[in-house]
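Here is a short briefing on the structure below.

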Amino acid sequence: MSQDTVVFSARKIVTMNPSRPSATHVAVRDGRIVAVGSRDEMMALGTATRFDDRFAGKVLLPGFVEGHSHIMEGMMWTLPYVGAGDRRSPEGRLVPGITTIDGIIERLRQAGAEMTDPNAPLFAWGFDPLHIGGRKLTRQDLDRVSTTRPVMVVHQSFHISNVNTIVLEQTELLRGSNISGVVQGDDGLASGELQGIAARFRVFRALGGNPLSGNLTPDDVARYAASACVQGVTTITDLHNDLVDHTIELYQSATKQPDFGIRLVPALASVSHTPEQAIAKIASLRERNNDKLHYGIIKLVIDGSIQGFTARLRWPGYHNGAPNGLWYVAPEELPRIVEAYHRAGIQLHIHTNGDEATETALDAIEAAQTAMPRPDHRHTLQHCQMADAAQFRRMKALGVCANLFANHIYYWGDAHYELTMGPERAARLDATGTAQRIGVPFAIHSDAPVTPLGPLFTAWCAVQRTSSSGRVLGRETEALSVEDALAAVTIGAAYTLKLDDKVGSIECGKFADFAVLEDDPLSVPPETLKDIRVWGTIVGGHIKEAPRA
Amino acid sequence: MTASPTPVTVIGGFLGAGKTTLLNRLLAAGGARYAVLVNDFGDINVDAGLIASHDGKTMSLANGCVCCSIGGGFLETLGSLLDSGQRFDHIVIEASGVGDPWRIAEIAIVEPALRLGRVVVVADATRIGRLINDPRVGDTVRNQFAKCDVVLLSKTDLVDETVHAEAKCAVLSIRPDAVIETTANHVLTKICEIDARRSSDFRADEVEPESPDHEAEFRRWAYRRDGEFDRRRLASAVQELPPQLLRLKGNCRIAGEASPMVFQMVDKAWSLSPTVSDQDSPAAITLVGVGTSNLPPARDLEAILDTALAASATS
């Protein structure tokens, strides 16, 4: 049943459609865009046209597309955040970063005071010593929060955590353990820093479970959608999910609600399936697709992270001489896996952080393309942080896209300059300029909750290329113009998800998905791009004002 | 009442080394209630008649064993196995082909419900020599051996003696003290049985009085002498030891060496290495052997090793 046509006016509409880059009016009907242009051009649309001028003072952009983030962003906010950078919660609350140990202790004390059960464990997240001058969090620090309640702070990387003394006592890890993941303090006892799976297994069993595992709830999904709205995001991935039956049902029911505010793109985790299982599962999942739910992609993780020294690097490896990282898939197994998905017509999203992992992925894709040339496969390398120009040229030749981790320049740029990659390679970290010159289709992303969700911030990172300490990394050669950075978080990201026919630009026929901004990103000083306020979103014509708290 | 901890054996080894083949044998053999955690069911090949139930994640066998797929997450799988309340004689965990088995072994060290048995790494005799120098995976492969107890050399029937010897050398180049066995004769089953019974069978520092073990198809035997071995005589004596003696390990003194040495022998491959700690041995030579049930009498074995003693010490 056809509805009325609504024409929204705006101070400016930035369309990301080169044939009509800007406009003042957009007409919407049945959740889709009817026309983009001037007020006069809308007059011919017919009698059932209603004008809506509520956004007359605002700026509309295509709804942002986050090409690499995780539903875990929606789960984190049940726990206190103790990271160094500011974040915005799903309620729209600005949660200031904390840069001192005392500040962290204070926030944890407050959180503990709000808990009713004095023995329930207190979990928090977001800490990274690299962001507070290398200062570690010790068990003695956390004992100031409580000596009776278990306290556990999960790092921003999610691979390391810190606990207080009572946790170490309950798990018998305080003394006499030489296992590799239990870091020793100066006193010869455990410092409270725990790494690796053994300590993790023991602690979560002793504390009665990991608050971030277990079944997803409708509230988690609602928070994810709310966080997206707060940041102007209307299409968002969940880029690594086992997609158990419970999750499938939850995504199904959430996306069928007419006012659900995001188009969700889950990627099935390759690690939990054989290619044969995954191919069959994707086929059945696709039948559940609706306008707000887009199954079809597979995520494959090849290596670890650069700052965790688990990424696989080509010669000469890590700048500080650390041993090379870890393979999560055997390189010789990769061609078989990639070819299976490639032949099945599935688009792969391949996590490669280090350049050796990138090379291995490109080898596998090249072999698959040779065995069965497939036009427009759009296999996408995710993160792809260390690729050099030669690797981008291979990507171009093979039809491979890249989704580059621009936020890393800000959060770990200093660590990459000083420790992991050294000055030269750090200058071409997340080489957006190279990708653009060579013509590799690319996007930029946050990997939320690893770094904060926020495409304007991500775009700012790609434009400024400045680390959190203020160090500039390769701006002359790799920085994007504001316009190109905005393209990377809209039509560029949509392209990597094969959704560029539906979202990512404001043009006739596409979903009526808009980010509603208070200012024009193309006219503010580029260094303030991240500070533009997001009013909310419009998704399929539904207006969603971002919550503010 | 606290149940005694369940022993855990971790099976590591690079992709294609033959881990699954071993696990298939172990599951089919039964004999004990094994819980086997595997990376994927795809290659698990158990006689259909043996499968009592199979829900896609857990396969229960008529012989009391279960096989769980790690697919949904290793820690979650192990956690639910422990939470299930089922008791197993032994838990066997297959590490990923690119994983470090020691990382898993550490779980058995810190988790009170578990006790670490052996860390076993399977090495493909046809290509281990190349793999350890491979530019992409050499470091991963070498690291898998860093802390294992036993190396099982697989596919030895596919190689000639030269390649077989080269494969052993490759392993010994990473771990000069490695205990190397071939995968013939259901070695894994035996290892698991030894682990399940006692953890001290093969520790030189915990030598027990010699006692034939009536429970199983193994015999243990201890050799103690004052004095010291002559290195060359020892090499000859080892060649004379009967094939029923599967392993021999312990501390000894070697003529001309200031410090005690650790001697290890498996399948006639043997090594001497400096002792890690300066422990007090009751005798200058203390070796413990494990053999099959038809191991020749202790006096025959002792006669062979006595020929290795340095002249001045022969009594």
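**Contact between chains A and B**

In this predicted model, the contact draws 29 residues from chain A and 20 residues from chain B. On the chain A side, helix H6 (196-206) and helix H11 (355-371) are the elements that give two or more residues. H6(A) gives the most, with 8 residues.

- By class, the side of chain A that touches chain B holds 12 nonpolar, 10 polar and 7 charged residues.

**Confidence**

- The predictor assigns the complex an ipTM of 0.88 and a pTM of 0.85.
- The average pLDDT of chain B is 82, and 83% of the residues score at least 70.
- Residues 198-215 of chain B stay under 50 in pLDDT. The model has 29 contacts beyond four places in sequence for this stretch.

**The sheet of chain B**

- Chain B has an open sheet of 9 strands with mixed pairing, in the order E3-E4-E5-E2-E6-E1-E7-E8-E9.
- Strand E3 (51-54) and strand E9 (179-182) of chain B each have a single partner strand, so one side of each lacks a neighbour in the sheet.
- From one strand to the next, the twist averages 20°.
- Strand E8 (residues 150-154) of chain B pairs with E9(B) in the parallel sense, over 4 bridges. Val151(B) stands opposite Ile180(B) in E9(B).

**Helix on the sheet**

- Helix H1 (residues 19-29) of chain B packs on the sheet. Among the strands it touches are strand E1 (6-12), strand E2 (34-38) and strand E7 (114-124) of chain B.
- The direction of H1 in chain B makes about 155° with that of E2(B).

Note on methods
Residues numbered from 1 in each chain as written. Chains lettered and ligands numbered in written order. Predicted model: local features only at pLDDT ≥ 70, side-chain atom pairs only at ≥ 80, totals over all residues. Contact = placed C-beta atoms within 7 Å. Nonpolar A, V, L, I, M, F, W, Y, C, P; charged D, E, K, R; others polar. pLDDT = per-residue confidence, 0-100. Pairing = 2+ DSSP bridges. Axes fitted to C-alpha atoms, helices over the stretch in contact; angles between N-to-C directions.
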